Amino acid sequence: MTIVPFVFQNSKSGKKETFVPKDPLNVSIYSCGPTVYNFAHIGNIRSFLFVDVLRRSLLLGGYKLNQSMNITDIDDKIINESIKRKISVEEFTKPWTEAFFKDLETLHVQKLEHYPKATESIDDMVHLVETLKSNGLVYEKDGNLYFSIQKFSRYGELSKIDVSGMKSGVRYDADEYEKDDVRDFVLWKNQKTEEEKCWHTKIGTGRPGWHLECSAMIRKVYGSGVDIHTGGIDLLFPHHENEAAQSIGAYPNEEFVGTWLHCEHLLVDGEKMSKSKGNFFTLRDILEKGYDPNVIRYHLISAHYRSKLNFSLSKLEESKTAMERVQNTIYRVLEVGNLWDKVSKIEESFDDSIPDLQKINLEFINALADDLNVPKALASVFELVRIVNQFLDSSAKDSADSDFLKESLQLFYKMNKLFAVFSFEKQILSLDGISEEWILAQIEARKIAKQNKDFSTADKIRKELEEKGILLADTKEGNTTWKKAQ
Ligand code: AMP
Ligand code: ZN
C-alpha cells in the first residue's frame, strides 16, 4: 500500500508542514488523556475523538501506528476526593477509568497500543527528575522539587508565551494553573499530611507534579520523543510548554516532538464547556435524551478539529438528519444492488474502476491528508450520496450496472473506516414483521407510482407505512428517506 503524504498544522511552527515521521510504518503518537476523577464531559470527549480521527485518517493513508494515551490517575483533585471518601486513590480512580473506556467503546473509538497510567510510571518520573537535576535545572524548596525555567533558555518556544514577565523564583505547586502565568513549576511534591498518597523514592517521599507524568510516560513507552503529540488547546500552555521544558531539559540533543497538534474546544453558548463552569453534558446525559451514540460521534467529529464547535441539541438534530441521509442511501445501494451478502467480503475485492468514484475517493483521502479536514471529507461523502441517488433514481439502474453499485458500496465502506457510524447490516427493526427490505421496496413502489402520476397509490403506500410506524420524508433532491416514528 502506498503511503499518502499528510500535512499538519504544527503548533510548534504555527504553520502547515508536510508530515515526516521517522518511520511511516511505526509512527509514534502520544495524546494527553483523561484525569480520572469523574465522568468525562463531551468537551473532553471531543478531544479523544480527535485522536481517533487522527488515528483512522493515518491508517487510511497507509501508515502503521504505535499510539499512547495516558491516564492521569493521581493529582490534587483525586487525592482530595479519595481522602474525603476515605478510600484509596486506586479504589477512587478505578470506576472512573472504567467509565472512560466504556465511553470510548460506546463511541467506536479504536483501542490504542498503550494506555500508561501515571501511578504505574513513578520510577520513570524519578529517573527523569534525576536527569534534570544532573543537568542543573532543579532546585528544592520546603521539600518540593521545582523546575527552574530561567535556566532553560528555550522556555516559551512552543506556546510563544511572553516570558518577559516571568516570575523568577515564584513557584506553582497546584495541579491547576492560571493561564499565562509564567512561573517555576513543581516536579515533585513532598507529602504534607499522612493521609496523602505518596511514594518513597530516591528524590523524596511524595508524588509527581502533573506535567512530569506525561514527559516520563513518553520516555517509558518510546524510549525517546514522539512523531506527534496531541491535546486540547488549553494544554498548550503551561502543560505542554512544561512537558517540553522537562523532556528537552533532560535530553537536549534529541527531538522531543516532531508535530504538536491541538484540538479546539467544544463550547456551550460561546463558552468553553468545563466541569468548573458547570455548563457540561456527559455522554450519558445525551444518551438519556434518546440520542444514538453514533449521532454524537458524527456530530463531534464533523467540525474541523481546529475550529471551535458550539454545542446545542438543535445542531445535534441537524447531524442526525444528515447522517440518516447517508445511511438511507447505503441501505438503498445494498437493497437495489442486492449486495447484502457481499458486505462480509467487501475488503477482499476493492475495485476502483469508475472515474466518478475514483475522483470522490481521491478527494476524500486528500481532505484527510490536508490537516484532517473532516468537513471537506464529508463533502465527498455527500457527493457520493448525490451521484448514487441520481443513479438509483434513473433508469440506468434497470440495466443492472451492478459494478457502479458495488463500487459505491465499497467507497461508503471505506469512508466509514473514518466515521464508524454507518451500518452495512440489515436493520433489525423492533417493529413486528417489518423488514428494512420491505420498507425500501415500498419506497421504490411509491416512487414508481409518483412517476406514473398515480398519486392515490403513492399516498396509500405512505399511509400504510405510517400506520406501521414508518415515516417518510422527501428530500429536495427528490429522494425519500425513512425513519421510525418516536
Ligand atoms: P482532563 O480530563 O481535564 O485532563 O482533560 C482531558 C482532555 O480534554 C484534555 O486534552 C483537554 O484539553 C480536553 N478538554 C477539556 N475541555 C474541553 C472542551 N470544552 N473542548 C474540547 N476539549 C476539552
Ligand atoms: Zn499531558
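Is Phe185 buried or exposed? At 0% relative accessibility, Phe185 counts as buried (buried means under 20% relative accessible area, exposed over 50% and partly exposed in between, with a 1.4 Å probe and protein chains only). This is a predicted model, in which local features need pLDDT of at least 70 and side-chain atom pairs count only at pLDDT 80 or more, while totals for chains, interfaces and linings use all residues. Residues are numbered from 1 along each chain as its sequence is written, chains are lettered from A and ligands numbered from 1 in the order in which they are written, and side-chain values use heavy atoms, leaving out hydrogens and water.

**Overall architecture**

- The protein has 14 helices and 17 strands (DSSP runs numbered from the N terminus: helices are H or I with at least four residues, strands E with at least two).
- The C-alpha trace spans about 90 × 50 × 40 Å along its principal axes.
- Of the 486 residues in the protein, 53% are buried.

**Phe185**

- Phe185 is placed in strand 8, which covers residues 183–190.
- Its C-alpha atom is separated by 8.1 Å from that of Ile149, 36 residues apart along the chain.

**Ligand 1**

- Ligand 1 is surrounded by 16 residues, the closest being Thr35, Gly43, Asp234, Leu266 and Met273 (a residue is near a molecule if one of its heavy atoms lies within 4 Å of it).
- Helix 1 (residues 42–60) supplies the largest share of this shell, 4 residues.
- Polar side-chain atoms lie close to oxygen atoms of ligand 1 at 2.4 Å for Asp234, 2.9 Å for Thr35 and 3.2 Å for Ser47.
- Taken alone, ligand 1 exposes 500 Å², and the protein buries 89% of that (accessible areas come from the Shrake-Rupley method with a 1.4 Å probe).

**Zinc ion (ligand 2)**

- The protein donors of the zinc ion are Cys32 (SG), Cys214 (SG) and His239 (NE2), lying 2.1 to 2.2 Å from it (donors are N, O and S atoms within 2.8 Å of the metal, or 3.2 Å for Na, K and Ca; water is not among the atoms, so sites may look incomplete).
- In sequence, these donor residues follow the spacing C-x181-C-x24-H.
- Cys32 lies in the loop between strand 3 (27–31) and helix 1, and His239 in helix 6 (residues 236–250), so the pair ties together parts that are 207 residues apart in sequence.
- Cys32 is buried, with a relative accessible area of 10%, and His239 is buried at 1% relative accessibility.

How values were computed. Polar contact = N/O pair within 3.5 Å; in protein donor to acceptor, adjacent residues only side chain to side chain.
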